[in-house]
Amino acid sequence: MGDLRSRITLGRALVLVVALGALFVLFTVLSAVDWRTGGLRWPFFLRWDNLVDLVGSCAINLTLGVGMTFVIIGGGIDLSVGRLIALTHVLLVVVANATGSFTVGLAACLGCGLAAGLASGAVSVRWRIPSFIVTLGMMMVARGLAMVAAGGKSVGADIDSPVVIQRFLPIVVSLAVVAVGHVILTSTVFGRHVFAVGGSPEAARLCGIRVGLVRVVTFLASGLCAGLAGLVYWSRNSLGDPLAGDGLELYAIAAVIVGGTSLSGGRGSVIGTFLGALIMGVLQYGLDSMLVQPRWQWVIIGAVVIVTVLVDRLKRTE
Amino acid sequence: MKPSTSLALIAAFAVALTGCQGEPAPGTSGGRRIALIYKATTNPFFQAMEKGAREKAKELGVTLEVAGIPSETDVDRQANLVRNMLNRQVEAIIIAPASSVGIVTPLLRAQEQKVPIINIDNRISKQEAANQGLKVATFIGPDNLEGAKKVGAYACNLIKKKLGAGQKGRVLILRGIDGVENAEARRAGFEAAVKEAGLEVAGSESAHWHTDEAQRVTSALLAANPDVHGVLCANDKMALGAIAAVKARGKIGQIIIVGYDNIDLARQAMKRGNMHGTIEQNPAMMGALGVECVLKALDGETLPEVTPVPVELITIDDVKAGAK
């Protein structure tokens, strides 16, 4: 039964791909106009550097979005991931600075993400507290601990990420997370269990699925993704910034929803999230490239989120 | 959509990326094209700076492309803007960094592409720049240490005059974001002024430049130290928060409050007698100097390491008299 719900519908995928393509063409055309002279030029939006930067700018949202997809399909939500980026990458920098070893720093970064995910999931499942509340608390804890770990200010990394890592690691990590997430969700027993648990916990329990365990693992996945997003943040900025990640959990949730995953659980796909995150990323990056003021960007991105979901809803009721 | 189709989609995307290696843009006609990248776009200080830069650019026939982040601290987003501007192939960059440390890495690419960098407002960390080998053409900024000393000394003198001899004045300090150079310089300036005047620092906390946070922090500090005589705030927005906290304790007018930046709301507060002094940093002049210096740098001129923008003390008397 998981199979039907785990596949993004063709119609949905089509809407998203068309939207993505349309945005891309739009920004390409806009970048081809030289606004000073009114003449045409080679569209800088198609330059190699620009495309690499574009995908790089989507990396954090892609990574967070995959973890969030698991949690939401399983019937939960994770508000802590934005601030966990701050905590995990600050730990990476601080621990790597202290030990002189990047590997130890990375272990601390990913370990911290997993531990936070485990804590949120376990508390929420064991004492039946809505994950909204537990992860809201975890968000604040992570914010505070990031400040504590960083000593209240930005920390420079002794080990800087080389330019190649800076540009390509975010892309490699995020695409790998998408691919692995997609395979786990669609082709493993655990993936089917996530859908079952999110769709109807009672039915899943009667089928012999360990509902609590499955839910905890979805939060572990989300925590791990937050750790990986921390790695991406470090690679992009070579810095431990305890104020990083503000509000990124909402971007991740928006990407998941634009991608067609149901907020009430039991239905969704990683591919949808992938496309959703790219749409939001291309939009933000493109608007930045066209020097659109941030105040208008909020309006436009918010409207696009609503319209995408609306188009899908209208298509379904037809 | 089958899993294989979806994977194919990702693969196609990756291939499309490698296939799209762009040609360089043709040479642009007309004047120079330069970028101004800043932060805190809602802060009147930076709006004045942008205006100054735009006017100067117009006067000199330069195209100025402006982008900013709404927050004070979103390093990742500002790094994106640097990359955007490089992809737009601007000839030079003027930047007010959100982080004096974090901006170094993204700017290295500008240096690689021989795009000169002018640093304004918040100075890039010397140590981090040296570590990564970044060289900026010049730093244009107000002398924060001098400004904080000026306004700090003014506040301390007011307190001393009020208390007379025999009683030692006590003050609170509200700091900006620790580790950011201008915040550190202002803190040092305040501390030096307090020490020189023979007063005592009763409490010192960071309120991260924010009004609401400053209000909370000041309330807490006042609860712990009910007998303080002044609050020295590293910017006016925090001074507004301090005013709210002092008001709530019914001590407005009795406690000397000074800020930094000379924003409109601070001037209003001074007119009402709620605040006593601030520092005008001439942001418009800073923006204009940025454009002038960038043209010199493009012409190959060597600029001094620091180009100072004069700071000016604005007191409650100046504002009430309509003098400044």
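Predicted model: local features only at pLDDT ≥ 70, side-chain atom pairs only at ≥ 80, totals over all residues.
**From one arginine to the interface**

The side chains of B:Arg33 and B:Glu65 are joined by a polar contact of 2.8 Å.

B:Arg33 belongs to strand 1 of chain B, which covers residues 33-39. Is B:Arg33 buried or exposed? The relative accessibility of B:Arg33 is 5%. Because buried means under 20% relative accessible area, B:Arg33 counts as buried.

The discussion now turns to the contact between the two chains. Chain B contributes 54 residues to this contact, and chain A contributes 53 residues. About 4,800 Å² of area is buried between chain B and chain A, and carbon and sulfur atoms give 58% of that area.

Specific polar interactions can also be identified across this interface. Between chain B and chain A there are three salt bridges. One of them links the side chains of B:Arg77 and A:Asp288, with a distance of 3.1 Å from N to O. Polar contacts across the interface of chain B and chain A amount to 14 residue pairs, with both residues at pLDDT 80 or more.

Which elements of chain B give two or more residues to the side that touches chain A? They are helix 1 (3-19), strand 2 (63-69), helix 3 (75-87), helix 4 (104-112) and helix 5 (126-132) of chain B. Helix 3 of chain B supplies the largest share of this side, namely 11 residues. By residue type, the side of chain B that touches chain A consists of 20 nonpolar, 22 polar and 12 charged residues.

Aromatic rings form a further topic. Over all chains, a search of the whole structure finds eight aromatic pairs. One aromatic pair is formed by A:Phe102 and A:Trp234, whose ring centres are 4.7 Å apart and whose planes lie at 40 degrees to each other, a tilted arrangement. This pair links distant parts of the chain, since A:Phe102 is in helix 5 (residues 102-126) of chain A and A:Trp234 is in helix 10 (residues 211-237) of chain A, 132 residues apart. Elsewhere among the aromatic residues, A:Phe24, A:Phe27, A:Phe45 and A:Tyr285 form one aromatic cluster.

How values were computed. Residues numbered from 1 in each chain as written. Chains lettered and ligands numbered in written order. Heavy atoms only, no water. Helix = DSSP H or I, 4+ residues; strand = E, 2+ residues; numbered from the N terminus. Buried < 20%, exposed > 50% of the residue type's maximum accessible area, 1.4 Å probe, protein only. Polar contact = N/O pair within 3.5 Å; in protein donor to acceptor, adjacent residues only side chain to side chain. Contact = heavy atoms within 4.5 Å. Buried area = accessible area lost by both parts, 1.4 Å probe. Salt bridge = Lys/Arg side-chain N within 4 Å of Asp/Glu carboxyl O. Nonpolar A, V, L, I, M, F, W, Y, C, P; charged D, E, K, R; others polar. Phe/Tyr/Trp six-rings, centres within 6.5 Å; stacked < 30°, edge-to-face > 60°.
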